[in-house]
Amino acid sequence: MSMPGRFITLEGVEGAGKSTALERVRELLEGTGLDVVVTREPGGTALGEDLRTLLLGHKHTGMADDTELLLMFAARAEHLHQVIEPALAAGRWVLCDRFTDATYAYQGGGRGLARERIAQLETWVQGTRCPDLTLLLDLPVAVGLERAGKRSAPDRFESEQQVFFERVRQAYLTIARNASARVKVIDAGRDLGEVGAAIAAEVEAFLERVR
Ligand code: T5A
């Protein structure tokens, strides 16, 4: 009998190297013959990508924190209905660039919204669905911002001050401490080869566990 689909997410502060890591994880999974759906949040559907444009663009710079939170979950509801749940039900693996941990980190840690408020939406939108494995790429905020800054003009989140990202980072690390079976912290401050090797070790350990 074939294995059921699994849900893997990648998280980290700006410039942690998620895009690079995502490709590495995809290669590793596909290398073992798995059928992988690669997607991202906010986004992953036509409606979600439009919401992403509203969330990351500078057109609505002063949107209320609650609005931002609700738009994140609106995009997530669509993503779950259209992409994630159907793929998992069909036995495919879903590899997602950010998910609800990002909401706890950015809207919770960064913006200061109450954890309970986010948890209510999480239950409403996701039921019991949550990732089976999360790789958290951690590195000092200043290093990440420098890497991200070399790449493109800052989006609405990247325009925040360094202290915002310090809170985001600490929120992520708190999640990792409280959910250590699911969330694996990767030291992303090292060179690409070392980060890639650490990622491979975690993915291989996960494959061992679920097979
Ligand atoms: N958001 C998202 C919320 O607030 N709440 C939510 O619920 C969700 C889901 C968009 C934004 O939305 C927010 C968080 C975000 O601000 P995003 O598209 O994931 O999310 O935005 P970014 O964090 O900006 O993601 P990026 O893909 O742009 O950044 P990456 O993937 O972390 O960085 P990457 O891989 O492009 O690397 C950055 C640069 O560093 C180099 C790369 O070559 C690249 O140039 N690099 C390294 N250099 C040296 N050594 C290494 N080990 C390196 N690894 C990468």
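How exposed is Cys130? Select Cys130 to start: this is a predicted model, and in it Cys130 is partly exposed, with a relative accessible area of 37%.

Cys96 is buried, at a relative accessible area of 0%. Could you draw a bond from one to the other? The sulfur of Cys96 has its closest cysteine sulfur in Cys130, but that is 13 Å away, too far for a bond. A disulfide would need the two sulfur atoms within 2.5 Å, and by that rule the count is 0 disulfides.

Next stop: helix 3. Select residues 65-89 and check the length. Now centre on Leu80, where you'll find a kink of about 50°. Leu80 is also one of the buried residues of this helix, and others include Glu68, Phe73, Arg76 and His79. To see what covers them, show strand 1 (7-12), strand 2 (36-40) and strand 3 (93-97), then helix 2 (46-56), helix 4 (100-110) and helix 5 (115-126), which are among the covering elements.

Last, jump to helix 6, residues 141-149, and pick out Val141, Gly144 and Ala148, which are buried. They cover an arc of only 65° around the axis, so they lie on the same side of helix 6. What do they pack against? Show 162-178: the buried residues of helix 6 pack against helix 7.

How values were computed. Residues are numbered from 1 along each chain as its sequence is written. This is a predicted model: local features need pLDDT of at least 70, side-chain atom pairs count only at pLDDT 80 or more; totals for chains, interfaces and linings use all residues. Side-chain values use heavy atoms; hydrogens and water are left out. Buried means under 20% relative accessible area, exposed over 50%, partly exposed in between (1.4 Å probe, protein chains only). Helices (H or I, at least four residues) and strands (E, at least two) are DSSP runs, numbered from the N terminus. The arc is that of the directions from the helix axis to the C-beta atoms. Contact means heavy atoms within 4.5 Å. The bend at a residue is the angle between axes fitted to the seven residues ending there and the seven starting there.
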